Amino acid sequence: MTTPWARIFGYKSDHKQEDVSTIDLLARLPLFEDLSRRELAAVERILHRRHYIRGEIIFRQGERGMGMYIVQQGSVAITSEPENHELFELKDGDFFGEVALLDESPRSATAMAKTDCSVFGFFQPDLFGLIERDSRLGVKIVLRVARFVGQRLRQANERAHTLSLELDSLKQAVLGAER
Amino acid sequence: MLAGQTRNIIHISALFVAVFLVMVILYVGHVAEIVIVAGLLAYILDPVVTAIEERGLSRTAATALIMSLITLVVVVFWYTVIPIAIVQFKALQAGAGVTPASQALARIEGQLRDICQSLGLGPVNLAEELGKFKTSVVLKIPNFIINDSPALLIGLVMTPFVMFFILKDARQFKKYFISLVPNRYFEFTLDLMYKMDVQLGNYLRGQFIDALVFGLLATGALWTLDVPYFVFIGIFSGLANLIPFVGPLAGAGAALVAVVLEQGDLIRGFYVLLAFVILKLVDDIAIQPLAVGKHVDLHPMVIALAILVGGHIFGILGMLLVIPFVGFLKVVFEESIDTYRRYRFD
């Protein structure tokens with residue numbers, strides 16, 4: 001039982017199993033890999049845990065984005081509208097929607113729970129609050145997010161380049177066939 | 001899907017229960033006063049606690065530090081200003097300064113009598129009427145202290161207590177509230193709460209700074225003009241300035257009453273009036289635009305009606321708090337519509 005003093009000063013006689021497993025999950029994410037356990041605990045405090053049932057929409061393409069999600073358990077499908085084409089399937093420990101942590105642009109795809117799942121929401125206002133309170137930690141996280149966004153942008157560029165080459169070769173093949 | 005609907009119904013029911021509880025608390029007026037005052041003070045002080053937290057202290061330690069500093073200020077105030085208040089109160093009871101006041105009243109009464117006679121009205125006895133009024137006020141103060149002191153004491157003890165927990169645990173309260181919101185409206189609610197927090201925080205802190213600066217300037221001006229009870233009237237003017245239209249008049253009126261009735265000095269009364277006009281101009285031109293910035297614009301009629309309703313429900317405190325509250329409702333309404341447009345709800 002929590003004593004009144006423990007309630008007032010917020011200390012815990014033993015860590016809750018749930019918090020420890022969340023911190024372990026966060027420690028395994030490449031996004032937070034160089035954070036200490038104290039810093040991970042600070043991140044854990046600002047996460048929002050949400051449970052979704054199979055087929056439930058997490059966010060829709062075109063909606064204003066507030067932040068990213070980390071899959072704790074289950075699977076999430078990222079689809080492009082209107083054709084509902086599945087782009088990726090994300091599993092335990094994967095994260096998505098990280099661009100919205102840096103800007104408030106509309107979501108570029110729809111996220112839907114493919115199975116019953118638990119996710120952690122990590123949102124811009126909470127990140128801003130963390131930067132205010134612990135700027136070192138905040139900057140560390142922002143830098144890691146920026147690196148990931150950059151990495152994914154590079155991958156998208158490479159993919160666009162490959163597709164462009166494929167398109168060119170297809171055009172030439174069509175032109176050759178017409179001649 | 002059925003399970004999801006059931007969960008949403010549970011969440012919505014929980015929200016309704018929470019709203020019902022808030023209404024019950026609001027119905028119990030005094031508790032609501034304590035919670036509202038503690039909440040507003042916590043809101044104003046939140047950036048200070050966050051700034052201390054940034055220096056490496058935990059939230060609890062930062063909150064405890066701020067509360068200790070406030071206690072220190074209250075203790076200093078208690079030992080420096082309260083003795084002056086007692087002296088001034090005794091002077092008021094003993095009827096000090098009656099002679100100059102009587103002279104001034106006699107002058108005003110003479111002029112009024114001439115006007116009344118020319119208009120064919122009855123005799124005027126201002127001194128007697130004001131004497132009665134003053135006696136009734138002096139008698140009401142001990143009655144107020146005896147009858148209302150238990151509630152006052154509870155308020156004085158409970159407000160810092162509630163404020164401590166709001167300051168320390170506001171983030172957890174917010175997180176818990178957000179956890180009750182159904183998935184589909186969760187990001188929308190988070191977005192809305194963040195925007196409201198920024199808008200309302202800036203507005204309330206701006207109003208607080210405005211009241212503080214106006215109160216200090218008024219105290220300085222009244223001290224320069226040698227107005228009795230200048231500390232109280234200065235503080236009162238600062239607080240009253242939060243009430244549009246009526247507030248500045250109330251501050252100036254209190255100072256005028258003190259000068260004319262206590263010292264009988266009509267010339268200085270004019271200077272006091274002039275000082276308040278200048279202060280109000282400085283407030284409108286410089287302090288408010290700097291401190292409050294972008295105003296939560298409200299229609300003058302809405303302000304007037306809100307003041308009447310606030311005063312009717314919670315008295316002077318209601319008049320003080322009703323404008324920030326109506327401003328809060330306006331921000332909620334506008335931001336809700338703006339944010340709703342950015343989300344795709346089926």
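These legends go with close-up views of a predicted model.

**View 1. A cis peptide bond in a loop of chain A.** Let's start with Glu81(A) and Pro82(A): the peptide bond from Glu81(A) to Pro82(A) is cis, with omega near 5°. Most peptide bonds are trans. Where does Pro82(A) lie? Look in the loop between strand E4 (76–80) and strand E5 (85–90) of chain A.

**View 2. Asn84(A) and its positive phi.** Asn84(A) isn't a glycine, yet its phi is positive, at about 60°. Most residues other than glycine have a negative phi. Is Asn84(A) buried or exposed? Asn84(A) has 10 other C-beta atoms within 10 Å, so it counts as exposed.

**View 3. Asp226(B), a positive phi in chain B.** Now hop over to chain B, where Asp226(B) sits in the loop between helix H6 (183–224) and helix H7 (230–240). Asp226(B) has a positive phi of about 60°, although it is not a glycine. With 11 other C-beta atoms within 10 Å, Asp226(B) is exposed.

**View 4. Where chain B touches chain A.** The contact takes 18 residues from chain B and 18 residues from chain A. Which parts of chain B supply at least two residues each to the side that touches chain A? They are helix H1 (2–27), helix H2 (29–54), helix H5 (126–180) and H6 of chain B. H6(B) gives the most to this side, with 6 residues. Sort the chain B residues on the side that touches chain A by type, and you get 6 nonpolar, 5 polar and 7 charged.

**View 5. The largest nonpolar core.** This core has 36 residues. Those with the most contacts inside it are Ile58(A), Tyr69(A), Val76(A), Phe96(A), Ala111(A) and Val119(A). The largest share of the core, 5 residues, comes from strand E8 (residues 117–123) of chain A. Zoom in on Val119(A): leaving out residues up to four places away in sequence, Val119(A) touches Arg50(A), Tyr52(A), Ile58(A), Tyr69(A), Ile70(A), Val71(A) and Gln72(A).

View 6. In soluble globular proteins, nonpolar side chains tend to be buried together.

Terms used
Residues are numbered from 1 along each chain as its sequence is written. Chains are lettered from A and ligands numbered from 1 in the order in which they are written. This is a predicted model: local features need pLDDT of at least 70, side-chain atom pairs count only at pLDDT 80 or more; totals for chains, interfaces and linings use all residues. Helices (H or I, at least four residues) and strands (E, at least two) are DSSP runs, numbered from the N terminus. A residue is buried if 20 or more other C-beta atoms lie within 10 Å of its own, exposed if 12 or fewer, and partly exposed in between; C-beta atoms are placed from the backbone. Two residues are in contact if their C-beta atoms, placed from the backbone, lie within 7 Å. Ala, Val, Leu, Ile, Met, Phe, Trp, Tyr, Cys and Pro count as nonpolar, Asp, Glu, Lys and Arg as charged, and the others, Gly among them, as polar. A nonpolar core is a set of buried Ala, Val, Leu, Ile, Met, Phe, Trp, Tyr and Cys residues joined through C-beta atoms within 7 Å.
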